[in-house]
Amino acid sequence: MSVDDDRPQKKPNHEIGMDLSMMSVDELKDRIDMLKAEISRIEAEAARKTSGRLAAENLFKS
């Protein structure tokens, strides 16, 4: 057993479906900004992977 096993685990910043009723309006707006940034990051990664796949397909079509 490691020393870190006894430490409390850090909760994620957001979980899908979590109770939002106890959060202030400012906390909710911060949460929205965080999620929008995460969506942008995911979309950029998906675009990067799509671009790479298309480049590979075009290479093999030649």
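This note reviews the fold, surface and charged residues of the structure above.

1. The structure is a predicted model, in which local features need pLDDT of at least 70, side-chain atom pairs count only at pLDDT 80 or more, and totals for chains, interfaces and linings use all residues. Residues are numbered from 1 along each chain as its sequence is written, and side-chain values use heavy atoms, with hydrogens and water left out.

2. The protein has one helix and zero strands; helices (H or I, at least four residues) and strands (E, at least two) are DSSP runs, numbered from the N terminus. Helix α1 spans residues 25-61.

3. Of the 62 residues, 3% count as buried. Here buried means under 20% relative accessible area, exposed over 50%, and partly exposed in between (1.4 Å probe, protein chains only). The protein exposes about 6000 Å², of which carbon and sulfur atoms supply 58%; accessible areas come from the Shrake-Rupley method with a 1.4 Å probe, and for residues only the protein chains shown count as cover.

4. Two salt bridges are counted, a salt bridge being a side-chain nitrogen of Lys or Arg within 4 Å of a carboxyl oxygen of Asp or Glu. In one of them, arginine 41 pairs with glutamate 38, with the closest N and O atoms 2.8 Å apart. These two residues are three positions apart in helix α1 and therefore separated by about one helical turn. Arginine 41 is exposed at 55% relative accessibility, while glutamate 38 is partly exposed at 32%.

5. Arginine 48 forms a salt bridge with glutamate 45, the closest N and O atoms lying 2.6 Å apart. Both residues belong to helix α1 and are three residues apart, about one turn of the helix. Arginine 48 is exposed at 52% relative accessibility, and glutamate 45 is partly exposed at 33%.

6. Arginine 31 is buried yet has no salt bridge, and the nearest side chain of opposite charge, glutamate 27, is 6.4 Å away. Leaving aside residues up to four places away in sequence, arginine 31 touches Asn13, His14, Met18 and Met23 (contact means heavy atoms within 4.5 Å).

7. Asp26, Glu27, Asp30 and Asp33 gather in a patch of negative charge on the surface. Such patches are made of residues with over 30% relative accessible area and no salt bridge, like charges being joined within 9 Å; Asp and Glu count as negative, and the place of a charge is taken as CG of Asp or CD of Glu. Within this group, aspartate 30 lies in helix α1 and is exposed, with a relative accessible area of 51%.

Notes:
Patch = residues over 30% accessible without salt bridge, like charges linked within 9 Å, V, L, I, M, F, W, Y side chains within 5 Å.
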